[in-house]
Amino acid sequence: STAAEDFPFYLDKEAFKQSVQRHLHTTYGTVESKANSLAWWKATCSAINELVFEGLTETHKKHSGIDTRAVHYLSLEFLMGRLTRNNLYNLGIFETARDALTELGQDIDTLCSEEPDMALGNGGLGRLAACFIDSLATLGYPAIGYGIHYEHGLFRQEFRDGHQIERPDSWRDYGNPWEICRPESIQKVPLYGYVETEFGPNGKMRKVWHPGEMIRGVPWDIPVVGFGGHTVNILRLWESRADDYFDWDVFNAGGYVDAQAEKARAEAISKVLYPNDETLAGKELRLTQQYFFCCCSLQDMLRRYKRRHDDFSHFAEQIVIQLNDTHPTIAIPELMRQLVDLEGLKWEEAWAISQQVFAYTNHTLLPEALEKWDVVLFEHVLPRHLEIIYEINHRFLDEVVAKKWPNDDQMKQRLSIIEEGNPRMVRMAYLGVVGCFKTNGVAYMHSELIKKELFPYFYELWPERFTNVTNGITPRRWLKACNPRLSALFDEAVGTHWPTDLTLLRQVVAKADDPKFQKRFMAIKHQNKQDLAKVILQLTGVEVSAEAIFDIQIKRLHEYKRQHLNMLHILTLYRRLLQDPDLDIQPRVFIFGAKAAPGYKLAKDIIFGINKIGERINADERIKGKIKVVFLPNYRVSLAEQMIPAGDLSEQISTAGKEASGTGNMKFALNGALTIGTMDGANVEIREEVGDENIFIFGLSADEVSSKLKAGYNSRDYYYNNPELKAILDWLDSDYFTPNQPGALASIKRSLLDGGDPFLCLADYESYICAQQAVDQAYRDKARWAKMAIINSASVGKFNSDRSIQDYVDTIWKLKSYPAIE
Ligand code: 26Q
């Protein structure tokens, strides 16, 4: 571990022990003989918080003392996972705490697993936000994350007869020790109503919004401890409540009961995280959520700014706002409203400020995922904002588009923020590009596609606005904390500074051929696999061998991510084994984790399919356990932390051009898994770092995919021309995997044939199977595999989220670092 003297808070074991005991007694009112693990965990958190709050206060003093520029990261999602272990490592007191708790008769792993995951996000985008705020604090940058304090995070997944069912997630049921309520910073949020044009005494026209409803936003702060403990930033999450002006008037007979209903409506806003990713819902409540937290966050920023300044001339020097996808782009017209309607700035002044403040990160190229709002719905919820958007659009089309393309109405229509269809729609991504000084993609290839495919005309207009920042992951959570065995080996090999400078691991490449090092590296992998095998047994009842290849695909369930292509490989191997039980293949365990959006029928069918195929295969004695298939229920951050260190093979098999970046790919490579993947997203850059001979690339390129689709792709050609492929697809029509339910898996086949196979599974099938054969070959040669795995682990330092943050700082945010505690 990093040397204790590098950390500002040194706490010895005795002090920590006493602190935990004191909190057990005086904070939780219990005693050692009565306390259960939950109570011990909470007392431990309180002991940790004594250090965290000190850091929080110091950081606040430092940053507000120098009145520095800060980044404000707006996101509907922060997928934080558990915080206890992370905070202990980042404060440099993990070993101290572990030993102290042992002496108190407590096992730190047991206590840490009492903590429910903070699952306030769907997947990649939400987890990225969590890694980014970790890196911002680690690097000592003034930063605040703003989001929603959902009562229920992403649903808990259970399987009933192989089908996904959703259960509510209640992460705060027994109180959350990390959050601090800040009633002194409550904000009010207007909604609905109408806009009136009024003429002031000077004859000047102004717009007045008469809201139909007022909601209160109550902030909850979660401390974000940087690695090294030098900076503790905050994540500020807004909870919705009914406004207190509200009619609790007892003179009105109906008032009391009606008021309860109003209260429930207000609280509904922050009640639940929308569980869709990559498909838009277009629901009023979602728009209300977006506006609610943007409105609160901007008022919070303005209030803080106005404490030190009496005009807005320095606003854009002090504040930069990063929009995590289009979800918070309503912040752009909202800032305009606050500056023009409430602060009395001229439109031009306000727009100039606004344009210097906002930057937008795009996370998707899928057309169905690009946010649009029906103008009628928009006007109902946010009448003033629709006017402001019309004004922004009008000026943009008349002043910018008309200058570049005079008398070109088609161009105006193409670039308009309003899509003129039936119904008319507000294009949030266009609002983002027009209202921000930078738009970035999340991997090199994705950023190129943004310029060439998604926004080609905007790119022609403003080439300088488009840029790339390749994603990253925090090596503290995704190596140091989740894989202590490998971390210890790296400490020994390159010293203890790799958690902040991951490129130091490059030195390990020199040991990739060393048989002794290979042995130690692979022994660690084997132990991690044994640990995961126990988890698998517990969760599924299936016994798996750590000698087998652990072939893992974990990510949200989506057609474009092609879990069903993986399924076709499994069926192929199974069929070959049935035809020849002596077939010489390396034993494999296929391991899945994925949640499907509750309304996404085919995604749920694929989960069911994999579960049923697994049941049949796992029970089939003819194949002598050569392959096993397990689908772990309720995939989430804390489960990922147990799976990733045990991976041999990382499945990154999206249709080329569809996965913006991927971040699971980075986590696996860092932990010594080899990637089988397409030339998509960050896979392209991983290949660059590890070398073509240390990754299994297959399939069509993004260019080939789009020309194939343009030429008229016919998946049936592949079906009829490949008898093996035909046989396994036809299998899905039978009741082989679903006894008494013939055709229960037919929808998957149907989507690949009648449905046209929009993500080209069948076109990539043969190439995928070949790549998998190459994997099988490589695994037979233990030394070769070990070498490849070591090179992967040692070569992916680029994907440290600290590097991503430094890129954002250099190209977009222009911040200075101020670690609070030296
Ligand atoms: C939109 C409208 C209504 C309701 C929900 C949504 C919604 C919610 C979440 C739309 C999209 C998301 C999440 C998208 C996401 O996670 N994208 C992933 O972002 C990662 C981080 O950049 C990338 O690595 C992945 O490639 C990308 O898929």
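Trainee: Which residue takes a positive phi just after helix 3?

Mentor: Glycine 92 does, with a phi of about 75°. Helices (H or I, at least four residues) and strands (E, at least two) are DSSP runs, numbered from the N terminus. This is a predicted model, where local features need pLDDT of at least 70, side-chain atom pairs count only at pLDDT 80 or more, and totals for chains, interfaces and linings use all residues. Residues are numbered from 1 along each chain as its sequence is written.

Trainee: Is helix 3 mostly covered or mostly open?

Mentor: Helix 3 (residues 84-91) is mostly covered, as eight of its eight residues are buried. Buried requires 20 or more other C-beta atoms within 10 Å of the residue's own, with C-beta atoms placed from the backbone; 12 or fewer is exposed, and in between is partly exposed.

Trainee: What do those buried residues pack against?

Mentor: Their partners are helix 2 (37-66), helix 4 (94-103), helix 5 (108-112), strand 11 (213-225) and helix 18 (475-481). Two residues are in contact if their C-beta atoms, placed from the backbone, lie within 7 Å.

Trainee: Changing topic, why is leucine 670 called buried?

Mentor: Because 26 other C-beta atoms lie within 10 Å, leucine 670 is buried. Leucine 670 belongs to helix 24 (residues 664-670).

Trainee: And which residues is leucine 670 in contact with, beyond four places in sequence?

Mentor: Those are Pro475, Trp478, Leu479, Ser793 and Val796.

Trainee: How many residues surround the ligand?

Mentor: There are 24, and the closest are Gly124, Leu125, Asp277, Ala660 and Ser661. A residue is near a molecule if its C-beta atom, placed from the backbone, lies within 6 Å of it. Helix 6 (residues 124-138) gives the most to this shell, with three residues.

Trainee: How do the shell residues divide by type?

Mentor: Eight are nonpolar, 11 polar and five charged. Ala, Val, Leu, Ile, Met, Phe, Trp, Tyr, Cys and Pro count as nonpolar, Asp, Glu, Lys and Arg as charged, and the others, Gly among them, as polar.

Trainee: Which domains does the shell draw on?

Mentor: At least three residues come from each of domain 2 (67-82 + 117-471 + 806-813) and domain 3 (475-699 + 779-794). Domain bounds come from an automatic or database domain assignment.
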